[in-house]
Each structure stands twice: as C-alpha cells, then as structure tokens.
Amino acid sequence: MASAASSSSGAPHAHRGTITVCVMLATIMQALDTTIANVALPYMQSALSASQDQINLVLTSYIVTAAIMMPATGWLSERLGRKNLFLISVFGFTVTSGLCGMAHSLEEMVLFRLLQGIFGAPLVPLSQAVLLDEFPREQHGSAMAVWGIGVMVGPILGPTLGGWLTDHYNWRWVFYINLPIGILTLLGLSAYMHRTPPRRGLAFDWKGFLFLSVCIGSMQMMLDRGEQLEWFDSPEIVIEASLAALAGYLFIVHTLTTEHPFLDLRLFRDRNFVTGMIFIFIVGVILLATLALLTPFLQLLMAYPVLTAGMLLAPRGIGTMAAMFLVGRLMQRVDPRAMVALGLVLTSYALWSMSQFSLDVTPTIIVHTGIIQGLGLGFIFIPMSVITFATLPQELRTTGTALFSLSRNLGSSIGISVMIYLLGQGTTRAHAILAEYITPFRAPMQSLPALLSPETAAGRVLLDGLVTKQAALIAYLSDFYIMFLVTLAALPMVFFMRYRKHKPTDSELTAAVE
C-alpha cells in the first residue's frame, strides 16, 4: 500500500531521532493515562459529588471507548493518512485531557473521558507502526526497546506520579500533565513525520466493526463492573456476557463469509503474529494484575503510605528499562526466542518469590523481586514485539499493531478482574478455615493476652481483624502462585515461533548510510 511503501526506506538520521522522541512522548502520554487517574478517584468523587459506583465510570468510559476504537486504527490510517490520523489523535487527546482537568460535573467528566479514549486509542499502535517503518529491519530491536519503555513503564509509574501530583497539587493535574507533552508531540510530528497520501473510496466493513465493537465493549463493561456487582449474580453482568458472546460469534461468522472483512484474514495466517498475540495477552495479565495486587497488599496489609508504596513499586520500571536497553543491543547477536525464554524464567522466579511473602517481608525483598520481574518483562516484551511482526507484510502492520495493543489491554482487564475475584474468594475461604481454629479449647487460645480475649466484644473484634489479615495474605500469595504457573505454562510456546536473522537489502543499506 502507498502508506507503507512511502516509509519503507527509512527517514534521515536526524529526523528519525526526532520522530522517535515524538512517538515516544505520545506512547508515554497514552500509557500513563491507563493508570494515573486511579489514585485520584477518591478526590474526584468528592469534587464531582459522585457515588463510588458513579466515579468508576471515569475509568470505565475511557477503557471501553479506547478498546472499541483501537481495531479501527488500520482502516483510519489508510483512509486519512497515517500522519493526519496521528496529528488528529494527539491534538484530540491533548484537548480532551485539558477538558477533563476543567470538568465540574460527573457528566462532563465521563463525556470528556469518552472522547479522550476515542482519540487515545490509535496512539500506541500508530507509534509502534511508525517506528517499525522508520527503522530498517536490523534495527527493529532498538526501535522496539525505545517504544516499549513508554508502553511498559508508563502503567508502572502512573500510580506513583498520580499520587505525587494529587498530593502536592490536586487531582486536576493528573490530566493537565498531558498538555505540555501533547503540544511538543504535535509540533514535532507536524514538522518531521512523513506525510502519507490518504486512500479515497476505501471500503469499510460497518457490520464487522459493529459486531466487534459490541463484543469488546460488552466484555470490558463486564470485566470492569463484575467485581462491584457480584459477577453473574447480577442481571447486568449476565446481559453483558451474553451480548459479548453473541456479538463475538456473529463477528467470526461475518468475517469468514464476507468478501471484504473488517480484519484482514492474512493476519491470522501468520504463525508468529498469532503466537505473539497470545504472548502479549499473557504479558498484559502479568504486568497490570501484579500491580493491581501489590498496591493494596502494600497499602492495606503492610500499612505503607501511598507515596511509599509507589516508591517500592517504581524499581520494577527501572528493571524493565534496563532490560530493554540491553535487549536493544543484543538483538543482532542473540536469538530473540532465547531472550523471551529467559524473560519468562525471570518473571516466573519473581512471581514464585512473591508467593513466599509474609507480613514481615522487608522493603529490600519487595524491591528485589520487583526489579527481577521488571527485567523479565523487558526481556519478553521487546524480542516478542520484533518476532511478532518479523514475517507480517508491511501493509498489515498498522492493523497488526492495533490488535497487538488490544490483546495486551484485554489481557490486563481480564487478568485484573480474575485475580481480584480470586483474591476475594480466597480471603473468604481462608477466613472460614482459620476461624475454625479460634476456639477456647485450643492451647494457644488459652494463653492469649486479655486484650485479645474472645470472651469480650473488643477482643473478638481484634481477633477477627487478625484472622482477616492472615486470610487476605494467604489469598494474595495464592494469586501470585497462580500467575507463576501461568507464566511457566507459556514457556513452551516459544518453540512455535519462527525467526530468521534479517540480512539488509541494498536499498536498506543505502538508506542507513544516508
């Protein structure tokens, strides 16, 4: 396609560096917004006079619209031109971020977050596609290392940055921080990014898009609200699950029977791409589900303040960045499948170590396991990104990167929902088992201090608090162990991927010299 071909030769070195910085800023801006607002929700709830259920719409509205719009990135890129779509997305995301910061009612906030999700959806897949096209094949490892820093580190640093901004300024700065980043990105891309001609009259499969949108939107709503509504005990969750299943079935049937489907079927004939989608789904589960568990573990069970908990989680991002820089240099010398295998082993070890935590775990051990997990995720993410697109035709890259990002986001949503559900169920089950041992006939109970005497109301309350704390600890450790098993089970999938070291063509060598 014209858009792909126009950038295949690579940009001049000076412009390539500027473009890399700009798409990196766009990636960080969007990736930060997936988690940075979480910390500020209680403050927004008070300022916007919203209930707990209502304020969660601030997160749900963004996640759902971004997920729905992401698969359309490929078609929009061809129809509008990649540069035009990128500029529209950055401009819209920046403006809606400012509007979110100025919102004075819940209705305004939800509307602006919906728009922010629409404009933000193309940013990550477009940035990945741009870097894959701007850099020659032999430099894809370095390009993906730079891109991956924003994707992987953004969600990790989001809660820490959000907590700091909310604590030192107010919750509105969680959104205002996007303004300078967006303006710099817009100026840089306007000046240096290649303009690709739009394709007029390009057909759009509205029926396929509608089915896929209903499927993804219903699934995201189910995952985001399931915990609050007791899952399938709620009619709303049953309806959303039924809609997702029906729309997904209709989308598959329509895609297999229509002449011009919404998603090009060539994508799913590429073994590397399909395997990479599964891998990035697992990475999504591990990355954000771990953070979703560790944050309350540190704040509720270990009683760390918000900022201290954020500082203990930050080294995870440092480990990821270190691994990515290292991987970028090793890609031409080491088989990327070996690095993915190493990353899985490191991540498995970190999760197994976390499953051995106790209420006496030291900050040093928390930081140590975080760095190891960060290293592991870094070793997985970059080689996996390169292998996934190594055999995919260039004209399918933008759509491929959109599905790649969507798979990661769905993995995050499903991982968080399942792990939080298992945490609640595990805590209840462990509490019931431990409570059976709290009887006056057991010897340890007879030597308790008067403060914990089960014969007094205050003593029973304190005893129940201690049992609940131990039960929650058991549930957390069980969740970490489950994620350890999931990571370990993914290891054999490395052998399904094909990789052949790329030998640069004469045109690529010429472009590199220029």
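This is a predicted model: local features need pLDDT of at least 70, side-chain atom pairs count only at pLDDT 80 or more; totals for chains, interfaces and linings use all residues.
Helices here are DSSP runs of H or I with at least four residues, numbered from the N terminus. Contact (heavy atoms within 4.5 Å) involves Thr 60, Ile 63, Val 64, Ala 67, Ile 68 and Met 69 of α5, and Phe 209, Ser 213, Ile 216, Gly 217, Gln 220, Met 221 and Asp 224 of α13.

Take Gln 220, which sits in helix α13. At 1% relative accessibility, Gln 220 counts as buried (under 20% relative accessible area, 1.4 Å probe, protein chains only). Leaving aside residues up to four places away in sequence, Gln 220 touches Ile 63, Val 64, Ala 67, Asn 409, Leu 410 and Ser 413. Ser 413 is 193 residues from Gln 220 in sequence, yet the two C-alpha atoms are 7.2 Å apart.

As for aromatics, the whole structure holds 16 pairs (Phe, Tyr or six-membered Trp rings with centres within 6.5 Å). Ring pairs join Trp 75, Phe 204, Trp 206, Phe 209 and Phe 262 into a cluster.

Residues are numbered from 1 along each chain as its sequence is written, and side-chain values use heavy atoms, without hydrogens or water. Local features need pLDDT of at least 70 and side-chain atom pairs 80 or more, while totals for chains, interfaces and linings use all residues.

How values were computed
Helices (H or I, at least four residues) and strands (E, at least two) are DSSP runs, numbered from the N terminus. Rings of Phe, Tyr and Trp (its six-membered ring) pair if their centres lie within 6.5 Å; planes under 30 degrees apart count as stacked, over 60 as edge-to-face and the rest as tilted. Buried means under 20% relative accessible area, exposed over 50%, partly exposed in between (1.4 Å probe, protein chains only).
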